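Have a look at the picture, then read on.

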Amino acid sequence: MQNEEIAWIFHELADLLELKGEEYFKIRAYRNASRILAGLDEPVKDAWKGGRLNKIPGIGKNIAAKINELLTTGNLKKYQELLEEFPPGLLAIITLPGLGPKKAGMIREKLGITSLEELAAAAREKRLRNLPGLGVRTEDEILRNIELRQSQAGRALLDLARNIAAELKGYLELLPGVARVEAGGSLRRWKETVGDIDLVVASDDPNTVIDSLAGHYRISHILEKGYDGAKFQTKWGIAVELEIVPEEVFTLALFRNTGSHAHFEKLQGLFEKKENSAAAALLGRNRGEMAEQDIYAMLDLQYIPPELREDRGEVEAALEKRLPDLVKLEAIKGDLHVHSTWSDGVADIEQLAGRAKAKGYQYMAVTDHSRSLHIARGLSLDKLHEQHEVIRELNKKQEDFRILTGIEVDILPKGELDCPDEVLKEIDVVVASVHSAFKQDRETMTARLLSAMENRNVDIIGHPTGRLLNQREGYALDLERVLEAAAGYGTILEINASPNRLDLSDVNARRAKEKGIKLAINTDAHDLKRLDEMPYGVAVGRRAWLEEEDVVNTMPAGKLLKYLRRR
DNA sequence: GCCGTTTTCGGCCCGACTGTTTTCAGTCG
């Protein structure tokens, strides 16, 4: 059982206890444990074997005992009992924005509703609006959110899909007769969510491959089976589709499998114009040596990296040899948005810096929350000052790495910042973000962000649209005006690399670039593990056609600091 | 539930917004 799975059980346990009406602090302890386990830097199993479980801060006697039960028996009695008491549908209902345990419980009691489907039906039949505490607006909101959820059904976040894909790839590669395995489809294009995991396998024995994968512990059952492929359902909901081909056509199959459809069709058009000469050349080659580059070369195109294959002008650009030189992970020299134990992170500054350094970074900004964000233990001005003193001391001990002072300052509902200018002025990296009053109307929210950008102390706008993938839409915002303002003021916009945000999105980041706005690709990590999520942000940057010069944290430390102080 | 230069119980902990109300409970970050 992996860390994420154990963490997920405690997460659900917390929700279940909330439905049961348990005491707030007990629920919080489970939530906290879930977060800690998900962010733990070693397999929980190793800590368990080594008897170190209750050495982990936040894991006490009781939760350690439950982890022990999980790892010993594969099950948790308390969890199972609660699941029987509260149907899984109720858990889905309380994840809807605006609905919590109290309202879900009331709706269940009054109408016997225990699933999203039943809730949607009741909303359509206008049966919710007369319940105590609910009205027409809530009813509309509920229906809208359920429909939004259903429209995304089956699409997994990229990190989950990539993790499962990597595991299955490793497994398949060990099978006899399997020469190569690669993930294709939207996963290879690094799209923010993935419908199913496409794996292309080079093997002359499809049956063995299919039967072997069917027995993998991640797979719950087989959905379709053909001669040269099969589709499976995983236990995590997302489907896996296998395409099994002879080794000599592997590259071609992977190329076609990667898509997108629109990109592929456009290339097909080019092939047809070539009157089969290219296709003939393709078939005439020694196929074993063929690389994807050759396919593009045959069409007189520059090589188009998978991230660009969306038919958003990349084929035209490749024809004219003007594809961008896309930013690479190796170009990233630091992370400018990281949380420590001073606010709501679970790793301390030295641990974070150590990990950042190990990645080859030159710098990292510690940007803990500002005073008004109580739930995240936002820092008082005194604490902030103290933290910056600590950082200055830590910097004295090292020469080849620099910890930058920072803050993630709240943009308060009326647009003012949650920290006085004279304090902000002294801070290396000021990230300003919205964490409250998400339901403001478009005009108010736009003015709020504009007001923050106007402040010359603000360097970066954090997760600019506030969206959470598969959970909630961004706040109402006139993004065009925000982009205009960012371009005018010289404000940097963030690409938040967290796989559940990826905010700005690829499309919006590309618009930002077109307006001459600089971007920062940051992890917003709250633990050591999440510092590793930078590749997801870089992928968004690549999908946005960004080059190294568009991304401020590709600059060396000295140049960056100068750049930040220019306003 | 966890934690403890507070040693075994008591503290942890929060204000703002929302939609429903007409004074507030529930939700949220």
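Over residues 51-70 the chain is 50% helix and 0% strand, with the end C-alpha atoms 15 Å apart. Helices here are DSSP runs of H or I with at least four residues, strands are E runs of at least two, and both are numbered from the N terminus. This is a predicted model, where local features need pLDDT of at least 70, side-chain atom pairs count only at pLDDT 80 or more, and totals for chains, interfaces and linings use all residues. Residues are numbered from 1 along each chain as its sequence is written, chains are lettered from A and ligands numbered from 1 in the order in which they are written, and side-chain values use heavy atoms, leaving out hydrogens and water.

Back to that stretch: an unreviewed UniProt entry places the feature "domain: Helix-hairpin-helix DNA-binding motif class" at residues 51-70, 91-110 and 126-145. UniProt positions follow the numbering used here, feature names are shortened, and annotations may be inferred rather than shown by experiment. Here is how some of these spans look:

| Span | Helix | Strand | End C-alpha atoms apart |
|---|---|---|---|
| Residues 91-110 | 70% helix | 0% strand | 17 Å |
| Residues 334-413 | 32% helix | 22% strand | 31 Å |

Now for the overall layout. Chain A is split into domain 1 (3-151), domain 2 (152-253), domain 3 (259-323) and domain 4 (329-564), with bounds that come from an automatic or database domain assignment.

So how do domain 2 and domain 3 meet? Their C-alpha centres lie 24 Å apart. Seven residues of domain 2 are in contact with 13 residues of domain 3, contact being heavy atoms within 4.5 Å. The two domains bury about 930 Å² between them, 57% of it on carbon and sulfur atoms. In domain 2, Arg188, Arg189 and Thr251 lose the most area to domain 3, together 61% of what that side buries. Buried area is the accessible area (1.4 Å probe) that two parts lose on being put together, summed over both.

Two salt bridges cross the interface of domain 2 and domain 3; the rule asks for a side-chain nitrogen of Lys or Arg within 4 Å of a carboxyl oxygen of Asp or Glu. Glu292 pairs up with Arg188 in a salt bridge, the closest N and O atoms being 2.8 Å apart.

The whole structure holds 49 salt bridges. Another one links Arg31 and Glu18, with the closest N and O atoms 3.1 Å apart. Arg31 sits in helix H2 (residues 24-38) and Glu18 in helix H1 (residues 3-20), so this pair ties together parts that are 13 residues apart in sequence.

The peptide bond from Gly259 to Ser260 is cis, with omega near -5 degrees, and Ser260 lies in the loop between helix H13 (250-258) and helix H14 (261-273). Asp503 and Leu504 are also joined by a cis peptide bond, with omega about 5 degrees. Leu504 falls in the loop between strand S13 (492-496) and helix H23 (506-514). Asp311 has phi near 55 degrees, a positive value in a residue other than glycine.
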